[in-house]
Structure formats: C-alpha cells, structure tokens
Amino acid sequence: MQRMSIHITFPDGSVRPYEAGVSGWDIAKSLSEGLARQVLAAKVNGVVQDLSATITTDATICFLKWEDAEGQNTFWHSTAHLLAEAVEALFPDAQFWVGPALEKGFYYDIDLGDYKLTEDDLRKLEMKMSALAKNNAPFIRKAMQKEEAIAWFTEKGDRYKLDLLHGLEDGNISFYTQGNFTDLCRGPHIPHTGFIKAIQLTSIAGAYWKGDENNKQLTRIYGISFPAQKELDEYLALLEDAKKRDHRKLGKELELFAFSENVGLGLPLWLPKGAMLRERLQQFLQKAQMESGYLPVITPNIGHKNLYVTSGHYEKYGKDSFQPIKTPQEGEEFLLKPMNCPHHCEIYKTAPRSYKDLPLRLAEFGTVYRYEQHGELHGLTRVRGFTQDDAHLFCMPEQVKEEFKTVIDLVLYVFKSLGFTNYTAQISLRNKEDRSKYIGSEENWQRAEQAIIEAAAEKGLTTVTAYGEAAFYGPKLDFMVKDAIGRKWQLGTIQVDYNLPERFDLTYIGEDNARHRPVMIHRAPFGSMERFIAVLTEHCAGKFPLWLAPVQVKLLPISDRFLPYAQNVLLQLKKADIRVEMDDRNEKIGKKIRDAERMKIPCMLVIGEQEVAEGKAAVRRHGKGNMGARSVEEIIAGLRQEVEENQ
C-alpha cells in the first residue's frame, strides 16, 4: 500500500514532499550526503528530536549542527551519557541521578558509595570515554511503560532513577541505550558516539541529591566535549585565561575584598581599594541618575514580615530568605530585607500623588540578604548579602513605554562606559502553558509584555525571547553580556510591574480627578554591585580604566634622596583629586615597577635625579612601558582629559 505524502517546509521557505514516516536523517540525506554527516539533531515544528525519529504529518524542519546552540546542547547531553557508561564500566556499583547539558559542557551526579574520586580517576574515565566513543555506538530510544521501567531499575538497584520515575506518567517514559549503558532519558541525542572526538573532564564537586543539604552528597563530574581536538585545545586555552581573570584570585591580589568564616559565608568584606572602586561605580551611576530625574531614598535593612506577605515575595521566596527575626513583642516578626521594591512602594504611599508628580523615580543602593546554600556560594557572583543599584519608577500607563526606553538608554550608557560592547537583550516572558507561578491579571500581563517588546524594537536592540524567565510579578528585559573572552553574563534588568501597585493599593489622582493605578518599572543596570564588580574584574582582567581604578597613579622615587620632591608631587596630584600612592620602600626601582605592574596601576611616575633637576616625572603606563618625562602640570592635564573622555 502506498504511503501518504507529507510536506516538509525548510528554513528558506521551500517545501518538499516526502512519504509519511520519513526520518530527519532520511530528509538530510536526500538533500546532501555532506549535510547528513554533519547533522546532530532535527528541530521539527520547533521541537528538537532525534534524527531517527519519524515524521508523520506536514511539518517544518531545521537541521542542527555543531554551530547551533541546540546542537551543542544535544551533543553535550549525549556526552554525559557516554560519561555514565564509562563510570559504570569502571565502577559497576555506581548509581546515577541526572546528567544534563550546561551552557558549556555537561555534568553527571553519581553515587559512588564511599569512594572519593581523584584527578587520576578523571583521566582514566576520559580514556575510557574516548575508547567507547570510537565504537560509533548509536543512541537508541525505547518507549517503556512505567511498570516495566520500575521493574527494570528495581532489578538494577538504582534508587535515584526509581525516584525520578515516580514523578513521570505513562506515555512519557523513554530509555536510551548506547553500547552497554541504558539510561532513563527524554532525549534527544546525537546519532552515535562517533561524533564525540575530544573530551575533557574538568572538575569534581559535591552536589546534594535534589539540591537539599539534608540529603546525601553525590559526586558531580563536570566535563566538556567537542567534535574536533582543535576546538578542545582552544577551549582549554580559554580556560587558562579565565583562571588568570578569576575575580576571586584578582580580588585577593589587588586587595579588593575578602571573606571571613568568622563573619559568615557569603558575606564579603570590602577592603579599602575595593571600597574605593565600589564607591566610584556608585558615584558614576548616581550622577547619571540625578541627571535623569531620579530621587535618592534610603530604606532599612530589615522589614516587617507583613510587608513581604503583602508584596507576595514571602509566599514565593520565603524559603530562600533568612529565618524571621522575632522581637520581645509577641507575634512580631521581621526579615532581613530580601528586596527593596516593597519599601519603595511604602515610600510612594507617604503622600498623595497626582498625575503631575509622575513619573516618580526613586533610586537606592540598597543592601539585601538572601539565604544561599553553602554549595551555591561563589566569590562575589553568589553571596548572601549584596547591594542592588535599585530604582523603581512609578508612572501612568501611557508613560510606560517611553520610561522603559529611557531606562534602556541608561543601561546602554553604563555598558559603553565600562567597555561592554557585546550584548543581547533577552525579553523574558511567562511560561506559555504554566501560569501558576505568576500573579496578576491576564490583561495587565499582556500590556506589560507588549510594552517591553515595542520598546526594545524601537530602540533597535538585538533581542531573543525566553519564555518562563519572567519575574513572578511581571515580564522583564534582561541584558546578556559577553565579556572579553566570550563568556555570557546576565547584567542589567528592567521589569514592568502592574501587580505590586495593586497589592499595595497605590494610586494617583488623574486629570479627571479620579483615582488611578500607577504602573511600576523595576530597574537595576548593575544588578548587584558585588556581581557586577566580579564580572567587570574578569572582563578587564583587573585592569580597570583610569577613571575607575582605585589607585590611578603610583609614585616611584628611585631612592630616598628624591622623597621630598616626590612628596611635593604627591600633594599636587591629591590637590587635583587624583587617587595617588607613593612607594617609598627601600627597594630597587625595577622591583617597584614590577610590583606596580602586578597591582595593575594605570599610571606610574618614576622620579630620579634628572626628573628632580627638570621639575618633571617619567611617565610609565601599565603594560606600555616608558612614555617619556613630563611636567606635573602636563601629567595632571593628561590624566584629567583621559578621565573626561572615557567616563
């Protein structure tokens, strides 16, 4: 019997007929044998699936190769299965939890009993994975009934997979087998293991089962893989660069910040140079905000529990907050402030508001506290106490889009001033199907989402849309920034919120003398001072621009004989509001220069006999060497000009 014909639409809009039941692999081969050798998976009607999966109705198709993000995701998820196969071969009693792909690479959480994995074990696992990959073993999918799946893992004795099965429904359960390893998995996967040519297992970590520190700690193995050794070599070189840029390493070397277990995990201590850097950033944004009509406010570091119940934050995030603080007054509870927006709503309510008062822009560098598990803490990028460059704009509905566009301008000004030129704006919307975690009316959500989409388009931003990434109270625009070595960070966010004004019953009197509800825009160009400084430090490898550097100039007298002259230069620079230090140690000038270079001081002034005689100083710039002798007046004028041009 002749099969029914279906129509497949390709990305270029062309349409071809195929027999129903054709696979993605068959379609790729019909186009080009070369294409078929490169394809990792197929995206059919917007859903990524195995190349071997059949297509029975009219559909759109897009072939995913290594260059595609979803192709890499499939590649790395498949490599996680290859890792599990190697682990099971070397450690037959191992039990497996989950092994997802990451933005870069993959990991697998494994129970190895009492065995502690070592670096030597990682190298053995790499060798085993490489040997298994050469078998070109296909990834074979098999659908299974829940009862049969439970029986299979019961016989195997893998309690972690049994736990996963309890949350699945019949009809949604599938297994994948490659070589001698079978895993519970929804897929998709690459056609076979032979695509995996280069593997590096990068680190070992502990990970609590289900992320609960009351559960057993599993062994998490991280790794990365590529379809060519050259790409792995390039990635490893990038990792070495990233290690040199690590803000934790540079923070210690440049004397920016420290942590103390006596103070508490995740609570950074800002050292003098770090505090100066932080204050300069704060002053920079405060100046821009004042010019844009923002008004400064300050709110307490704690708030009554009812404040966060009213806002909805307690219901959504109470478990991630520190435990309530109880007072001698029975029933009275406070929380360490987890966010600033409810406090700003209360400031709005301190006076009657008219349409003439709007937009009202309230800004605060407010310190907030969130409970993060021990294993989640990471330098300044994940802490328990951090300061947000928070502002909340209260405006009329018809003002939302223009206010939003003005905030975009401010965010882009910050990025430009600090050297972040490669970024994408992510429009973060609700989950398409599950609306349960969001508050507020459908009408308000649609209005808020439309305002963001239109504002981003009118500003000409390069955007991507991410469903399910909205805040619980409103959609947002998140700026995804690539740093100097290509890593992606989320910096800066703008959110439209129709819900908090309702929950706090905020109103203004309109031109019609009736009460109306304002709209709230949440905005934080830095996000948090801690995380932003961490990213900035790694982006510029600690070589902060002159206007921002904690110490702009280091005076380096060649010997004690020149200290009086150097002291005079020091006073002139300080009077000109230049941040300057003097190295008056009894050390050779070569060592003083090397130490100043190591501390990444932008400008060094060497003072010796000739400089004193001529009333000058020899200028050295970090990483550039000697720039020649100049008068103090010329040096000050040059530094001021550089600051003005680059800030």
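## Helix α18 and its cover

The buried residues of helix α18 (residues 589–598) are Lys592, Ile593, Asp595, Ala596 and Glu597; buried means under 20% relative accessible area with a 1.4 Å probe, protein chains only. Their cover includes β30 (553–557), β32 (603–607) and β33 (616–621), where contact means heavy atoms within 4.5 Å. Just past α18, Lys600 has a positive phi of about 55 degrees. Helices (H or I, at least four residues) and strands (E, at least two) are DSSP runs, numbered from the N terminus.

## About the model

This is a predicted model, in which local features need pLDDT of at least 70 and side-chain atom pairs count only at pLDDT 80 or more, while totals for chains, interfaces and linings use all residues. Residues are numbered from 1 along each chain as its sequence is written, and side-chain values use heavy atoms, with hydrogens and water left out.

## Two helix pairs

Let's turn to helix packing. Two packed helices are described by the angle between their axes and the distance between the axes. Here axes are lines fitted to C-alpha atoms, for helices over the stretch in contact, and angles run from 0 to 180 degrees between N-to-C directions.

Helix α3 (residues 69–90) packs against helix α4 (residues 119–133) at about 115 degrees, and their axes are 9 Å apart. That makes α3 roughly perpendicular to α4, a label for angles of 65 to 115 degrees. The crossing of α3 and α4 is right-handed, that is, the near helix is turned clockwise from the far one by less than a right angle. From α3, Thr79, Leu82, Leu83, Glu85, Ala86, Val87, Ala89 and Leu90 meet Lys124, Leu125, Lys128, Met129, Leu132 and Ala133 of α4. This contact of α3 with α4 comprises 10 nonpolar, one polar and three charged residues. Ala, Val, Leu, Ile, Met, Phe, Trp, Tyr, Cys and Pro count as nonpolar, Asp, Glu, Lys and Arg as charged, and the others, Gly among them, as polar.

Helix α9 (residues 272–291) and helix α13 (residues 400–417) pack at about 145 degrees, with axes 11 Å apart, and α9 also passes α13 in a right-handed crossing. Phe284, Leu285, Ala288 and Gln289 of α9 make the contact with Leu410, Tyr413, Val414 and Ser417 of α13. By class, this contact has six nonpolar, two polar and no charged residues.

## A three-stranded sheet

Three strands form an open, antiparallel sheet in the order β18-β20-β19; strands pair if DSSP finds at least two bridges between them. At the edges, β18 (302–304) and β19 (325–326) each pair on one side only. Three bridges join β18 to β20 (residues 333–336), and Ile302 stands opposite Leu336 in β20.

Technical notes
Parallel < 35°, antiparallel > 145°, perpendicular 65-115°, else oblique. Buried < 20%, exposed > 50% of the residue type's maximum accessible area, 1.4 Å probe, protein only.
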